[in-house]
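Please keep the sequence and the 3D view open while reading.

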Amino acid sequence: MKTLSRENLNLWLDGLAAQHALIAPHLEAPGVFYRPVQRAQEIAWEAGRPVLSAKEFLFPPSERLLKVEKRGPDVRLEASPSAAPQVIFGLRPCDARGIRVLDTAFVDTPPIDSRYASRRENTLLVGLACRSMGASCFCTAVGLAPDDPRDMDVMFSDRGATLAVQALTPRGEALIANLPLVEELGEVEPASRREVGGLPTAEAWKESYSDARWAKHGERCLSCRLCAYVCPTCRCYDVRDEALPSPPGEAHFERLRAWDSCMREGYRLTAGGHNPRAASGSRLRNRLLCKFVYYPHQYGPAACTGCGRCLDACPVNLDLLEIGGALQEAAQ
Amino acid sequence: MVSVGRQKNIKLLSYSEIESVSGYVGNFEVRVRRKPRYIDESKCTGCGNCASVCPIEVTNVFDLGLSTRRAVYRHSPQAVPGAYTIEKRGIAPCRNACPTDQRAQGYIALVRQGRFADAYWAIRREHPFPSVCGRVCNHRCEDACTRGSYDQPVNIMALKRFVADWAFDHRDQLPAQRAKSLTGTPFAAHPTASGKKIAIIGAGPAGLTTALDLVRLGHQTTVFDSLPVAGGMMRVGIPPHRMPVELLEWEIQQILDEGVQLRLNTWVDDIPALLDQGYHAVLIATGAHQAKKIPIRNSNHPDNWLSLNLLRRVAQGEAIDLRERSVIVMGGGNVALDTARTVVRLGARQVSMVCLEPRGEMPGFAWEVEVAEQEGIHVLPARTFKEVVVKGNRIAGLRCAEVVFRGFKRGRPDISEIPGTEHVVPGDLVIWAIGQGPDFSFLPGDGSINTCYPVGIQTNSEMMTTTPGVFCAGDVRRGQTFFVVDAIGEGHHAARCIDRYLRGEQGVREPHRPPVVELRREEIEHKVELGEAARRPRAVIRNIGVEARRLNFREVDLTLTEAEAVAEAERCLRCGICSECLECVSACERGAINHDMQPEILDLKVGTLVLATGFRDFDPRVAPELGHGRLANVLSAMEFERLINTGGPTLGKVLLANGQPPKRVAIVHCVGSRDDRYHEYCSRACCMYSLKIAQLAHEYLQAEVFEIYRDMRSFGKGYEEFYNRTRASGVHFFHGRVREVTAVDGHLRVQWEESFHNEPDQVDVDLVILATGMEPQGDTARMAKLFGLSRSRDGFFLERHPKLAPVETSSQGIFLAGACQSPKDIPDTVAQAAAAAAGALALIDQHTISLDPSIAEVEVARCLGCGQCAAACPYGAIELARGKAAVNAYLCKGCGTCAGACPNKAMSLIHFDDRQLIAELDGALAWIDAAEEVGHV
Amino acid sequence: MSISEAMQSAARDVLASGQVQRVIGYETGPHGRVRPAIIDRPEEAERLVWSADCTHNLTVYLHRALTGENGRASREAVAPPARVAIVVKPCDSRAINVLLAEHQFSREQVFAIGMACEGMRQGAPASAPEATLQARCLRCRERVPVVHDVLLGEPPSALPEALPDEALAHVRDLPPAERAAFWLSQFDRCIRCYACRQACPMCNCPTCLFEQEDALWVGMRIAPSEKRTFHLGRALHLAGRCVGCNECERVCPMGIPIGLLNRHLAETVESLYGHRAGMQPVLSPVTGMLSAEESAP
Amino acid sequence: MYEPKVIGFLCTWCSYTGADSAGTSRLKTPWNLRAVRVPCSGRVAPELILRAFDQGADGVLVLGCHIGECHYDSGNHRAAKRIPLLLSILEFAGMQPERLRLDWVSASEGDRYARIVSEFVDALRPLGPNTWRINGAAPRADAAIGMPLPAASGLSGGAPCP
């Protein structure tokens, strides 16, 4: 087991921040957020789970894909510049898994999303293992663990005065290559686990499509996008061209991409006014089945990381585990 | 005007107000309220007979207060239509309070003019017994009298008695008096006989009133009474010292003279037989003539008399001597008081009055209790009667006990005896006057005419008893004694009910009553200030001394003298303006007058509207420095115009306050106009009419005329020439702005601020004429709201465009003509009126209208139906239909306020929609820094 | 009988008697969290609860429930309930008045189960035994719903003094530049999840002006300028309509003090036009005429 | 001295004509104002003004008919009710109140038009450019303001981790 003293860690992080964009949990007035930090001092070590996942640093809420400038007959296209290197430090295993889910959809499976890919290539994920699970966490139910290092480049585990360090990828090894690591005896003490039940089996999810409960749950849903926007794996977006202020005689506009969510009422609205998912229950169903049926069908494992953010964030306390539990019961 | 009035296609709705306007061009709905003229326009010939008999004089507004006119008047000699109008605010409180509907204001107005005979006939229209009610009424009219809220009410009862007494004293001359008056005898025209016969049982006030009313309606009536004299309780219940018999008899005789048949000494006890005998209806009006007794010990002793029996004997002239008797009268009401005072006059040694109620709560008049005590009666209130004490065979007194009296509960006194207060009131004759009730012994025994204890005979609201055709009125219906006016009032009502019954009509429609006038304190003060009502205190009634009352039945109270009566009548405030004396009704040969006329609501459907509401003269008193209303001989131009008009109040003579013709006249220009203190605008007409006045004053009055003008605005055709002519005729013109008009040494000094320094800056004259400007009518704001119009800052209606649409308004289909749009002279007014008419006709002729394309529209998918747009729309053009806003394209004027209000921008204004405005905005901002590019995350 | 039981009984009665077809109330969900409950059958009434954690403004469900627009064009053609019972606190009941004035439904369609309210607790349930009242409740003096068909619970006779709005005063007293910086930093956190809008009973436009496809008023960019426009625009739209239930602030995952904007405008409307939203079923005065005593600026 | 960029919403009946009248009277008016003609001041939705500021206007002047003289009876009443609220929220959000003004100019008041526009522009000059317009990201300074802010309550159940 290689360890690093806290002082050295801080020195290293200060150095990283000087070279790259360093993103780490940071305490703002209303809560903890992954934020760009300038110094290790700004990092919130003992705070709870960040309010938002880290996906915004790879898949920003909105970004320009293209700018168009039209001067008379001349049309000039201008692509957005490629991303700068960044290190996300203090990433939680669930959020790292979220990034993996995005990777699978955006990079590993064609067509490749070039904007995402550009950011992803320039991003290193440095994790910090959770010591225990929060009240609403259910990572163990989706095959993760509070200290699961699998999706990280580098994984740190807090041991008090020192931290255990483990590089998991070549890029990760390169990152910690020059660190004054100390080899210590013993193993990293595993985080305390809590088994969380309630998630239906893949079969039960599939069979639930016609379940009347969806409509009942949907009655309470406010159709906001909170669950989707706090979710590490929700990746729907909308693309639109919008006009920009232009000098006389010219027309400038840009192609924008911004977060969207299938929970939005008009998400599936078609020209002519038909909305196949007009009922909020059907939207709720779509979001959950997307995680547990549609994504696995297309890409592999389930797209839920068990971070529990949606359980806490929902203004009317729609609870994935509760809904799933009921569906599982119905299936049996 | 006359030709307009005669044009068949023009319907003039004069004396009318617009109540509401709705709809839109081509489909306006206008609700017009025609105020009642009280004169039928189609019958009135404008002869003016009505005005010549009208007793009410009011200020003549048309003559700007320079003369007076009558309450019935024609607006002006040239008025179209030429019909007269009665100015009536409503019915006076005195009339409203009186059960007989007596128009007190009417006879008071006639008394004020010394027309006592007319006054008498005016009274007798509603009231056959003025001499009675002039004496014994509880005069609710006086309680309601508006004057009472100022100082003391008019002594209406004394005036009524005066008129009744005057008429009696001059009864031989009355027909001649009446002949002399313009209107003739009021009841001369009998309606055609109906052939119906009515039997009336009881010749009291109710019965006789009904009989008289029915005769006047053309029916034949016979009145039966068991007594040998007619008049009922008026005759045998009111002792002669309060009501001289000969007056009442004369009044009854007049009733008989009008055709009522009277059968005295006739006891009727078979009412069904009366109906069988050919009477079409029967009225029971037998009154309440049975005095009550209560069964206390020895109340059957022969010296227990009944009050009504005693009064009846006295009234019939029986000589009763009570000189050796000591009398106890039991009761505290008016009958008890009458009885006690009668007993005094019969010479009783001692008279005591014992009653249950404490002093102050006795049902008799308080003033009469006082008079009774003056006449030597011992009043012993708050006592209950225990027994009549008999010693030997004679009554020795009445055992009483003092009580605490708490009023009546369910018709029974609520009292408690004060222990240990028993005592005997000495006396040898006890007279019961504790109340009276009707005698029902004559009713059919089968109960077909139902009575309801303790009230009286049961009737429905139409006065009919449980037997069809048999009616009931007066005390017998109510089961107890009320006042004479109440009986007369019931008599009137019964007559109307019987008349309608005989005509086979259902339900009695009471005559329409206009609202009761309520004068505000300041209106009352204004009337007293103007001298419309005299400032003096209420007339006091004198009486004969107490000594003169012994052993005789001379009337105690004296009547007013003629001078006193006129003086008292002058105190009347004439609340309703029209006094409703109905002299005009008699005077009108065409039968055009109807005092019961009601306002009429007309709903008109029209396609276009033209507003020509004109202007208001600037009130020169607003500018006090010019002296109008403060200094004598300062006139407004309009006042001068009225005075110099040969049809005006002075028939064309213009004289100064001292009676001399004016020698030097100054005309002050721009009064109220072109003055930032009053109105900024030029009133346009004043310069030219000032020149006309100058010429009139110069040539007609031979006066030296000074025109003090600011700028001479002679812009019209021939105007400059007129100015030059006036100048050449010798009128002096000074340029300047008048600062002040003051009185100096019997002259008026006009001082001005010189502009050109060509002439002196003051002149002494003896007459100043102020050329007042025009201003918007007082109710322009209300009218603008009613018609959905805008106003310009000067307050006049706003045209749609000052140059391109000067007669149209922002509301399509509504046009403006004349000075309601801005001040203008006659040629301009006529031109604009013709243009407005042409505009209106053009719309009518087209049969189609073109709308402004820039109106609001709704994007239904965005609308949430919250109604904020409808609330914001100044024109009510937006309605909510099925949860969405909908724009009425005819009403929408395209302001876009709805689009400004809509939270979701579902509402947009065509040609000014959000996309267009934002494009404009972006364009306007793009020049600022087009290069500065909006960056992004 | 506890208040919860009284509420259950009232809900059961109106459902069983057919007076209403649906009851909107509160129930306890997982982790003891109180949440909205929508029940259609009398036997479900036992789920309903009433406690100091019933902070949600349920009137947000009313329009949807009564029009059957669970979403705008439901494929399932189920007739909407004719009449709905709803549990309301004083603040929520004012929202009913605003919605009535705005013709969103008629009074007959609503059976309001009014709760005498002593304030809602701050924070998560059960986790904080000595939890204090929410700041908005400390400022509130209303204890009885202005709209109710039945009233449950005893309104306390003595009311504590309403606390002044210190946060509002604090922001108002900042110098303009600091105030601008403060708000920018707040708006900057916004992720345009629209939870504030969706939780608001007054925000019932078919599609929000600030989310139209045409990007006429505000673009789709999730950037400070757009976020500020959304928040200020929404506050403007709520002027004279916001009843102060503070749901927008409660649901915000980013802790943006949205309620300050609404409270500021509510105070402005009250001082300028003497109007408090929802006290009567009348429209916001903002669209109306100046009254005689109000002069032009 | 900074020259502010001003958007003027002028009602077509009064203030637009008033501007015309100022022009025909050869009155000097600052060039800074770009006029957007609207039928009535009531048409000016607050969102339009908000948008003008977002797009970089340094000031917005809304001119209508005097109260009681509205060509549309009372459209200006609505403006007079609405715009103070917009001003109030903009000021609360940190904008200088001098940057928005609602006033009345009648068709004949060219002088008044010129005076109001001059006054308005003169008041804006010392304020300098409007910082309202944001290009790109805002400074992510969690302004050090000592006030109690609500916790991100929806997430307060989150795990107290390592």
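In helix 19 of chain B (residues 521-530), the buried residues are B:Glu523, B:Ile524, B:Lys527 and B:Val528, where buried means under 20% relative accessible area, exposed over 50%, and partly exposed in between (1.4 Å probe, protein chains only). Seen down the axis of helix 19 of chain B, these buried residues fall within an arc of 135°, so they line one face of the helix; the arc is that of the directions from the helix axis to the C-beta atoms. The model is predicted, so local features need pLDDT of at least 70 and side-chain atom pairs count only at pLDDT 80 or more, whereas totals for chains, interfaces and linings use all residues, and side-chain values use heavy atoms, with hydrogens and water left out. Residues are numbered from 1 along each chain as its sequence is written, while chains are lettered from A and ligands numbered from 1 in the order in which they are written.

- Helices (H or I, at least four residues) and strands (E, at least two) are DSSP runs, numbered from the N terminus.
- B:Glu523 forms a salt bridge with B:Arg520, the closest N and O atoms being 3.8 Å apart, under a rule that asks for a side-chain nitrogen of Lys or Arg within 4 Å of a carboxyl oxygen of Asp or Glu.
- In this pair B:Glu523 is buried, with a relative accessible area of 18%, whereas B:Arg520 is partly exposed at 48%.

**Interface of chain C and chain B**

- Contact, meaning heavy atoms within 4.5 Å, is made by 20 residues of chain C with 21 residues of chain B.
- The two chains bury about 1800 Å² between them, 59% of it on carbon and sulfur atoms, buried area being the accessible area (1.4 Å probe) that two parts lose on being put together, summed over both.
- On the side of chain C, the residues that lose the most area to chain B are C:Leu216, C:Trp217 and C:Thr287, which together account for 29% of what that side buries.
- The rule finds two salt bridges across this interface, and C:Asp214 forms a salt bridge with B:Arg915, with the closest N and O atoms 3.4 Å apart.

**Salt bridges involving chain A**

- Over all chains, a search of the whole structure finds 136 salt bridges.
- A:Asp312 pairs with A:Arg49 in a salt bridge whose closest N and O atoms are 2.8 Å apart, and this pair links distant parts of the chain, since A:Asp312 lies in helix 9 (residues 309-313) of chain A and A:Arg49 in the loop between strand 3 (31-37) and strand 4 (62-71), 263 residues apart.
- Both partners count as buried, A:Asp312 at 7% relative accessibility and A:Arg49 at 9%.
- By contrast, the salt bridge of A:Arg193 with A:Glu195, at 3.2 Å between the closest N and O atoms, joins a partly exposed A:Arg193 with a relative accessible area of 47% to an exposed A:Glu195 with 56%.

**Backbone features**

- Most residues other than glycine have a negative phi, and most peptide bonds are trans.
- A cis peptide bond joins A:Pro110 and A:Pro111, with omega about 0°, and A:Pro111 lies in the loop between helix 2 (93-108) and helix 3 (114-121) of chain A.
- Another cis peptide bond joins B:Val80 and B:Pro81, with omega about -5°, and B:Pro81 is placed in the loop between strand 5 (72-73) and strand 6 (85-86) of chain B.
- B:Arg674 is not a glycine, yet has a positive phi of about 50°; B:Arg674 sits in the loop between strand 27 (664-671) and helix 23 (686-700) of chain B and counts as buried at 15% relative accessibility.
- C:His103, also not a glycine, has a positive phi of about 60° and is partly exposed, with a relative accessible area of 44%.
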